[in-house]
Amino acid sequence: MSGADALLGQLHEAGHRARAIAPLPPETLDQRQGYALLSQSLVQRLASGEYLSGWKVAFAGRAAQARFGLDEPVYGALTSAMAVEPGSAVSLERLIQPKLEVELALVFGRALAAGYYRDEEILAAIAEVAPAFEIADCRWQGWAFGLGAFLADNAAAGLYCVGPRVPFDAVRHACVEYRLEHEGQLLGSGDTQAREDSPQFNLCWLVRRLLADGHPVEAGQVVLSGALLAPLAIQPGAYRLHMLGTELALDFHAGHVPA
């Protein structure tokens, strides 16, 4: 067994058992190696019966990029096994050290073949937009990682939940307001236009990077375009995201949730 296979095996076991593993020295894996392990892990997931349902943007802000010496974001993959239905009860026992992120989900209406696309062409391929939660979950103890290890962990992609979808309009949805509540308490609010890393900017970056890296962009795939609020340690109870004139809710429980 190669070192890469052994590491992926450890990460798989950590996720299966919902137990974090000791972090690697930051210099162990570089960005190229991390993406290679991400791709290898994705191949294994697809071979086991999952399907590629979309992508997530991470480290979209300058502060996060500066921490790792980056000048652009990074990405992770979403699969069918990660999807959670709106209004679901989620057991925290199935997760390791989860954090909740508020996201804008953009849904492709058509595939994009390999090549270079202008922003307008990429945005024209988006059919729908929706409120979304990402439940990021890092398999490295204490969320301690170098860049390559973060990518090998699939950019901490845990679970995700996409709410009611509405037709996408690039002009109208350049500014989307959002408000997050937990058990009736306001946790944060804002709008996408006020951000340095707008969802549309992140989307266009992601599409170009995916196609350059040889990853297909297919109709129906979802893009989680980057956290709109600082990630939150998840507490039991109901989280409600108000966005796009609708509400997306998830209820977290400390114990087991019956099927």
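Tutor: Helices (H or I, at least four residues) and strands (E, at least two) are DSSP runs, numbered from the N terminus. Take helix H1, residues 3-17. H1 is followed by alanine 18, whose phi is positive, near 55°.

This is a predicted model: local features need pLDDT of at least 70, side-chain atom pairs count only at pLDDT 80 or more, and totals for chains, interfaces and linings use all residues. Residues are numbered from 1 along each chain as its sequence is written, and side-chain values use heavy atoms, without hydrogens and water.

Start with length. The expected span is 1.5 Å times one less than the number of residues. For the 15 residues of H1 that gives 21 Å, and the end C-alpha atoms are 21 Å apart, which agrees.

Now the sides. Buried means under 20% relative accessible area, exposed over 50% (1.4 Å probe, protein chains only). Leu7, Leu8, Leu11 and Ala14 are the buried residues of H1. They fall within an arc of 120° seen down the axis, so they line one face of the helix; the arc is taken from the directions from the helix axis to the C-beta atoms. These buried residues pack against helix H2 (31-47) and helix H5 (147-152), where contact means heavy atoms within 4.5 Å. On the other side, His12, His16 and Arg17 are exposed.
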